[in-house]
Amino acid sequence: MNYHIKASSISNEDGVIHIKESNIEFGTTLKTAETLPNPAELFLGSFAACMLKNVERFSAMMKFTYSKATLDVNATRLEHPPRMDHIVYNLIIYSNDKKLNTDLLKKNIEKFGTIYNTVKLSCTISGTINTIENV
C-alpha cells in the first residue's frame, strides 16, 4: 500500500494537512499553541487512530461487540536529540460481550497495527486494555 497526503502553511500562520476530503489544522505559531494540535500531538493522534481502527477491525474478526472505545495516550519526549522516548496508553472498551478477549486483542493490535509497529521501532510502548460493562 502507498499513502499520499499534502500539507501547507503560510508564514506567521498555522498549517493544514490535506488528506482526502479532510483538512486538519495544526499549530505552528505561538498564538495557537493552546488551541490547535502541535506536530507531536498529531503524531500521538495517528498512533491512537491506528489502535482504534484495529479495535473496529478485530471486533469483526474476533466476533465481539462493543458500543465505544476510548483511549488515553501519554508520551515522554527527550531533548537531545528531540524524540519520543516512551508511550503509555490505556484503552477502554465499553462492552457486555463475554467473547471479548482483551489479551488477544492487545496481541493483535501490537502485531498488526501499522502505526503501532512503526512507532515501536523508535521508542518503547506499554499499555493496558480494560473493559467497562455498558449499563
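In this predicted model, Lys106 forms a salt bridge with Glu110. The closest N and O atoms of this pair are 2.8 Å apart. A salt bridge here is a side-chain nitrogen of Lys or Arg within 4 Å of a carboxyl oxygen of Asp or Glu. Both Lys106 and Glu110 sit in helix H2, 4 residues apart, or about one turn of the helix. Helices (H or I, at least four residues) and strands (E, at least two) are DSSP runs numbered from the N terminus. Lys106 is partly exposed, at 23% relative accessible area. Glu110 is also partly exposed, at 24%. Buried means under 20% relative accessible area, exposed over 50%, and partly exposed in between (1.4 Å probe, protein chains only).

By the salt-bridge rule, the count comes to 4. Another of these joins Glu133 to Lys98, with the closest N and O atoms 3.2 Å apart. Glu133 lies in the segment after strand E6 (124-132), and Lys98 in the loop between strand E5 (83-94) and helix H2 (102-112), so the pair ties together parts that are 35 residues apart in sequence. Lys98 is exposed, with 68% relative accessibility.

Asp97 forms a salt bridge with Lys99. Here the closest N and O atoms are 3.9 Å apart. Asp97 is buried, at 16% relative accessible area, whereas Lys99 is exposed, at 54%.

Residues are numbered from 1 along each chain as its sequence is written, and side-chain values use heavy atoms, leaving out hydrogens and water. As the model is predicted, local features need pLDDT of at least 70 and side-chain atom pairs count only at pLDDT 80 or more, while totals for chains, interfaces and linings use all residues.
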